[in-house]
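Welcome! Take a look at the structure below, and we will walk through parts of it together.

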Amino acid sequence: MACSLGLGEKFTDRALLEQLALVAKDAAALHGVIMRTKEDPNSSEVVSYAPFTLFPSPIPKSIFEQARLVQKDFNLLVDKVSRDSTFLEQALASTIIVDNFTARLFQIYRHVLQEGTSSPINLGLNRSDYMLHCGENGMTSLKQIEINTIAASFGGLASRMPALHRHVLNVAGIHDVHVMDNTSVVVLARGIGKAWSIYGSDRAVVMFLVEETQINIFDHRLLEHELWNQNVPVIRRKFEDVTEKGCLDGEKRLFLDGHEIAVVYYRYGYMPQHYTEKNWEARLMMERSRAVKCPDIASHLAGTKKVQQELSKPGILERFFPDNPDAVSRIRSTFAGLYSLDQGDEGDRALAMALRDPDMFVLKPQREGGGNNIYGEKICHVLNEVKDSPERSAYILMDKITPLPVSNCIVRRGSPLKPQTCLSELGMFGVYVRQGTEMVLNECAGHLLRTKSSEFADGGVAAGVAALDNPYLI
């Protein structure tokens with residue numbers, strides 16, 4: 001499929017764009033595409049629309065279907081990796097020496113592994129993120145950026161975006177563009193509800209572990225409300241609450257404020273700054289408990305950049321899918337070039353490639369949350385500082401993707417509205433539940449399209465760079 005332009009280029013009348021933007025902002029409020037404000041992030045007294053694109057963006061149908069179909073394979077892969085302690089030990093051996101955050105996570109993992117896992121139920125809510133690589137021949141291919149195994153956000157707001165764009169298109173007189181439904185919040189809730197049901201106590205609750213500053217609370221609330229609609233009770237607590245009031249009984253059941261916790265759903269805890277020593281103690285207590293963790297510590301580690309790079313090596317996918325070459329092929333077709341920077345011949349070759357032509361690569365630290373990647377001449381600066389040190393193992397190198405450009409307008413509070421060249425990132429949500437050795441649920445759970453101006457190299461919606469979008473298939 002050749003690279004293509006979006007709807008934004010069709011609209012050069014500034015007055016019409018402004019009129020459509022006013023309609024769209026009201027539609028965002030009507031349909032719940034909203035966030036709290038930076039000025040008052042813990043109050044819902046005054047809210048604003050979340051950043052969004054004025055029009056949906058084109059995605060080749062074959063590419064979208066490829067991403068949707070491979071998601072169940074990625075769900076299985078994450079689960080299989082999380083259960084392979086030998087692989088995790090080998091894959092992260094160099095990283096935990098130089099990256100303290102990964103090392104602390106791994107310390108908890110080893111503790112739980114030695115003590116024995118207390119819960120036979122594993123719940124995964126993942127999101128695999130891709131860009132559409134536009135090759136020199138003008139053909140488009142799907143390339144994975146990363147897979148998020150903890151706090152994969154925007155499943156709630158993404159489910160509300162189709163109604164917004166349908167209304168804008170209708171007002172604009174565009175009737176030949178179809179915006180598909182997005183059931184992400186329903187399917188994600190189904191996974192949490194399934195794990196809660198298997199836990200087996202009607203009195204137990206699902207606990208959302210959240211941060212102090214909650215600008216994106218309505219994304220959470222949509223998922224919470226869906227769970228309540230399924231008669232699954234939900235509470236929201238912070239690390240500090242777990243530290244001060246949480247405890248395990250003799251059977252390792254987790255209790256907090258008189259509630260038995262069936263499921264701990266992490267919407268926080270994926271960055272070093274999220275942890276004090278007390279928070280680390282709370283994380284360990286939750287991991288040791290009988291509660292279902294989403295993710296458990298092993299699945300959290302399975303989503304690290306280093307594991308992503310190790311999985312791209314020849315023969316590694318076959319280790320996890322020895323009897324399923326089709327799954328191996330589907331997964332491997334999405335991989336961009338990924339390279340280890342560990343000390344040794346292989347790492348030296350990758351380092352030399354990056355220093356020789358930094359604009360061809362992205363340097364990735366072991367961090368989640370967006371805005372952490374390193375580009376261009378900054379790659380040379382970082383690698384020259386660590387090239388003779390084991391510290392370089394804290395990074396991996398990835399081929400830089402040349403994404404499919406589209407024309408659109410981004411509607412963001414306080415920013416001027418204008419047609420601009422944009423780049424989109426397609427995410428596919430996945431949900432799985434395993435009980436013992438039996439996989440009882442494995443589904444693709446909807447999609448997320450985020451679009452940003454081409455002037456930005458990195459960053460998501462929560463970071464103030466990208467905007468929520470919808471795909472329309474071409």
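Is Asn148 buried or exposed? Asn148 is buried, with a relative accessible area of 8%; buried means under 20% relative accessible area and exposed over 50%, with partly exposed in between (1.4 Å probe, protein chains only). Before going on, note that this is a predicted model, in which local features need pLDDT of at least 70, side-chain atom pairs count only at pLDDT 80 or more, and totals for chains, interfaces and linings use all residues. Residues are numbered from 1 along each chain as its sequence is written, and side-chain values use heavy atoms, leaving out hydrogens and water.

Asn148 belongs to a group: in an unreviewed entry, UniProt lists Glu146, Asn148 and Glu368 under "binding site". UniProt positions follow the numbering used here, feature names are shortened, and annotations may be inferred rather than shown by experiment. Although these residues are spread over 223 residues of sequence, they cluster in space, with a largest C-alpha distance of 9.6 Å. Strands (E, at least two residues) and helices (H or I, at least four) are DSSP runs, numbered from the N terminus. Glu146 is also buried, at 16%.

Now turn to helix α1 (residues 14–31). Here Leu17, Leu20, Ala21, Ala24, Ala27 and Ala28 are buried. Seen down the axis of α1, its buried residues fall within an arc of 125°, so they line one face of the helix; the arc is that of the directions from the helix axis to the C-beta atoms. The face turned away carries exposed residues, including Leu22 and Asp26. Just after α1, Gly32 takes a positive phi of about 85°.

Note on methods
Expected span 1.5 Å × (residues − 1).
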